[in-house]
Amino acid sequence: MTTETTTQAVIEARNLDLVFQTNDGPVQALRDVNLTINKGDFVSFIGPSGCGKTTFLRVMAALEQPTGGEITVNGMTPDEARRQRAYGYVFQASGLYPWRNIARNIKLPLEIMGYTKAEREKRLNEVLELVELSGFEGKYPWQLSGGMQQRASIARALAFDADILLMDEPFGALDEIVRDHLNEQLLKLWARTNKTIGFVTHSIPEAVYLSTKIVVMSPRPGRITDVIESPLPKERPLDIRDSPEFIEIAHRVREGLRAGHGDD
Ligand SMILES: Nc1ncnc2c1ncn2[C@@H]1O[C@H](COP(=O)(O)OP(=O)(O)OP(=O)(O)O)[C@@H](O)[C@H]1O
């Protein structure tokens, strides 16, 4: 695998604002958000409920329109990037169709995009291997554990080999042990594929363990209060969580969250 030596901005947000008009009046979900995400970054968004994490992810994916400022994805508008299949999106719940088996769930976006049958089978086998689900393609979602369902959902998002993977709290509903395992697998997958990942979480250890960059957000209005560049090496065994460096970053995230809470 080649290592990128130059940094290449994949996502650039400048003075981004998003105000939702609701029956109770305007809600400022994002205010003056400035952020650069480079190719190969693993960026986590952490902050209390309602601070705009999901909204920012949805703006990147062209699922919401900002009301002010600018955002580019691979130098294009999010909408153009979506049309060029620049990213895959993993939702909080696995979102698998219960009446389709795992293979047919994963192949669905490929069918929609008109891949040939041979291409669909090839991609299916590749992504099943990446998420370590080879052999389970004939099972239905309800026959798999929660962790396996989320892996299948990640495989579906990887199916058309987008460079950017956007993940909205994909492991939030899983128990600690399964989550640890999936975190490890996700890091391996990231190292193997060199994708750029945007990842929403509520968990400080998860954010610190996974990320090259941690974006701390605070609510009312949703804004970025700290961006932490992680000094941890790319290769991370789980016990790195006991190291002084890890504990120090976790402390800084916690302080950032506490400070954001203070101005409520
Ligand atoms: N479609 C919408 N219409 C109106 N308000 C919305 C809409 N989507 C989000 N909001 C509001 O915008 C703010 C940010 O919401 P968002 O879901 O981005 O927060 P979050 O940080 O992802 O929260 P959580 O951690 O609970 O998922 C909240 O106040 C929310 O109620």
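**Exercise 1. Classify the exposure of Glu132 and describe its backbone.**

With 15 C-beta neighbours inside 10 Å, Glu132 counts as partly exposed. The class follows from cut-offs: a residue is buried if 20 or more other C-beta atoms, placed from the backbone, lie within 10 Å of its own, exposed if 12 or fewer, and partly exposed in between. The model is predicted; local features need pLDDT of at least 70, side-chain atom pairs count only at pLDDT 80 or more, and totals for chains, interfaces and linings use all residues. Residues are numbered from 1 along each chain as its sequence is written.

Next, the location: Glu132 sits in the loop between helix 4 (117–130) and helix 5. Helices (H or I, at least four residues) and strands (E, at least two) are DSSP runs, numbered from the N terminus. Finally, the phi of Glu132 is positive, near 55°, in a residue other than glycine.

**Exercise 2. Carry out the corresponding analysis for Asn15.**

Asn15 is not a glycine, yet its phi is positive, about 50°. This residue belongs to strand 1. Asn15 has 13 other C-beta atoms within 10 Å and is therefore partly exposed.

**Exercise 3. State which residues of helix 3 are buried, and what covers them.**

Helix 3 spans residues 102–112, and its buried residues include Ile102, Ala103, Asn105, Ile106, Lys107 and Leu110. An α-helix has 3.6 residues a turn, so residues three or four places apart point the same way. The cover over the buried residues of helix 3 includes helix 4 and helix 5. After helix 3 comes Gly114, with a positive phi near 80°.

**Exercise 4. Determine the strand order of the open sheet and the elements packed on it.**

The open sheet has 6 strands in the order 5-6-7-3-8-9, with mixed pairing; two strands pair if DSSP finds at least two bridges between them. Its edge strands, each pairing on one side only, are strand 5 (87–90) and strand 9 (223–229).

Within the sheet, strand 3 (residues 42–46) and strand 8 (residues 213–218) pair in the parallel sense over 4 bridges. Val43 has Lys213 of strand 8 as its bridge partner.

Helix 1 packs on the sheet and touches strand 3, strand 6 (164–168), strand 7 (196–201) and strand 8. The direction of helix 1 makes about 155° with that of strand 7. Such angles run from 0 to 180 degrees between N-to-C directions, with axes fitted to C-alpha atoms, for helices over the stretch in contact. Contact between two residues requires C-beta atoms, placed from the backbone, within 7 Å. Helix 5 (residues 146–158) also packs on the sheet, touching strand 5 and strand 6.

**Exercise 5. Locate the cis peptide bond.**

The bond from Arg220 to Pro221 is cis, with omega near -5°. Pro221 lies in the loop between strand 8 and strand 9.

**Exercise 6. Describe the shell around the ligand.**

There are 13 residues around the ligand, of which Phe20, Ala29, Ser49, Thr54 and Thr55 come nearest; a residue is near a molecule or strand if its C-beta atom, placed from the backbone, lies within 6 Å of it. Two or more residues come from each of strand 1 (9–22), strand 2 (25–38) and helix 1 (53–60). Helix 1 gives the largest share, 3 residues. By class, the shell has 4 nonpolar, 8 polar and 1 charged residues. Here Ala, Val, Leu, Ile, Met, Phe, Trp, Tyr, Cys and Pro count as nonpolar, Asp, Glu, Lys and Arg as charged, and the others, Gly among them, as polar.
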